[in-house]
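Visitor: Can you take me through this one? I'd like to start with the charged side chains.

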Amino acid sequence: MNGYHVPVMADEVIENLRIQPHGTYLDCTLGGGGHTERILQAGGCVLALDKDVEAIDYATTRLCAGGGYGGRFTIVKSDFKAACDVLDRQGIAALDGAVMDLGISSHQVDDASRGFSYRFDSELDMRMDRSQVKSAMNVVNEYSEEELARILFTYGEERFAKKIARAIVAERAKTPVETTGRLADIVASCMPYQKNGHPAKKTFQAIRIEVNNELSGLGEAVGDIVGRLKRGGRICVITFHSLEDRIVKQTLASLAAGCICDKSLPVCVCGHVAEVKTVGKYKATAEELDRNPRAASATLRVAEKL
């Protein structure tokens, strides 16, 4: 395991991908290169994507310097939502498998300078791609009270969304809210006593999702990547909260559906054919949770191209 990011359910991912020697695999979220390294170790070739330059630099140095994997992997700075464009530019028509490890990396959370965590008092940022303009500071200080409340309720499922949004707007009228510590304090002031978890957890998740546009186009991206799989190829998608998992679950269920005609019709007229079959849903084992408690919220869903 590398120190940048511990890949979740790596054993289950590799087992389900059924790596073919010199088969072509897409790692949509490179991170520290954990899943990519396991695929390379099993003999596969990898095209890996990430929009975080720090992740790309780290994984490139680690895998190139110590891996000895020759020309079997390529790393491209890109959002996975543009995966098909990257595949076209790389001249890759079809994939033997793909893995998507969604959400935030351990390094991004643990690096105070990235401004993702309420555990540190640092500048509000939360950008996975630091070349983009919009940061958490923009969201917190420029969005209207109504927009903030909508984001906190929709992306954080925060029941105190309106109260928190009102407090943020009141505080920023005094001086801009520029640090994670101040934002966390504002949120905490709006919340009753909580026995479990930090009171700002849902707010920080919601703002991070908004900053990085994490949910928009996710289902379409899963469908596009499935469309590039060879017959028998598999996609493994790891989610970390109910919002993204619901999108992935519904997308795979739709792709696995056959006839979608109204049940009252005597015969099928839609001609819809299932593209995949669902293989399974997995949670981290007790042994893995002992090593990596952050895996507790992870869900792995696997589907196979028909």
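Guide: Asp52, Glu54, Arg114, Asp125, Arg127 and Arg130 are linked in a network of salt bridges. A salt bridge here is a side-chain nitrogen of Lys or Arg within 4 Å of a carboxyl oxygen of Asp or Glu. The model is predicted, so local features need pLDDT of at least 70 and side-chain atom pairs pLDDT 80 or more, while totals for chains, interfaces and linings use all residues. Residues are numbered from 1 along each chain as its sequence is written, and side-chain values use heavy atoms, with hydrogens and water left out.

Visitor: How many salt bridges does that rule give?

Guide: The count is 23.

Visitor: Which residue pairs with Arg127, and how far apart are the closest N and O atoms?

Guide: Asp125, at 2.7 Å. Asp125 also meets Arg130 in a salt bridge, at 4.0 Å from N to O.

Visitor: Are those residues buried or exposed?

Guide: Arg127 and Asp125 are both buried, where buried means under 20% relative accessible area, exposed over 50% and partly exposed in between, with a 1.4 Å probe and protein chains only. Asp125 has 4%. Arg130 counts as partly exposed, because its relative accessibility is 35%.

Visitor: What about Glu304, what does it bridge to?

Guide: Arg234, with the closest N and O atoms 3.0 Å apart. That pair links distant parts of the chain, as Glu304 sits in strand β7 and Arg234 in strand β5, 70 residues apart. Strands (E, at least two residues) and helices (H or I, at least four) are DSSP runs, numbered from the N terminus. Glu304 is buried at 11% relative accessible area, and Arg234 counts as buried at 11% too.

Visitor: How many residues of β7 are buried?

Guide: 7 of its 7, over residues 299–305. Thr299, Arg301, Ala303 and Lys305 are covered on one side, and Leu300, Val302 and Glu304 on the other.

Visitor: Which strands does β7 pair with?

Guide: β5 (residues 229–239) pairs with β7 in the antiparallel sense over 6 bridges, and β6 (residues 276–282) also runs antiparallel to β7, joined by 6 bridges. Pairing takes at least two DSSP bridges between the strands. Ile238 stands opposite Leu300, while Lys277 has Glu304 as its bridge partner.

Visitor: Switching topic: where is Val269?

Guide: Val269 lies in the loop between α12 (242–256) and β6. Val269 is exposed, because its relative accessible area is 63%.
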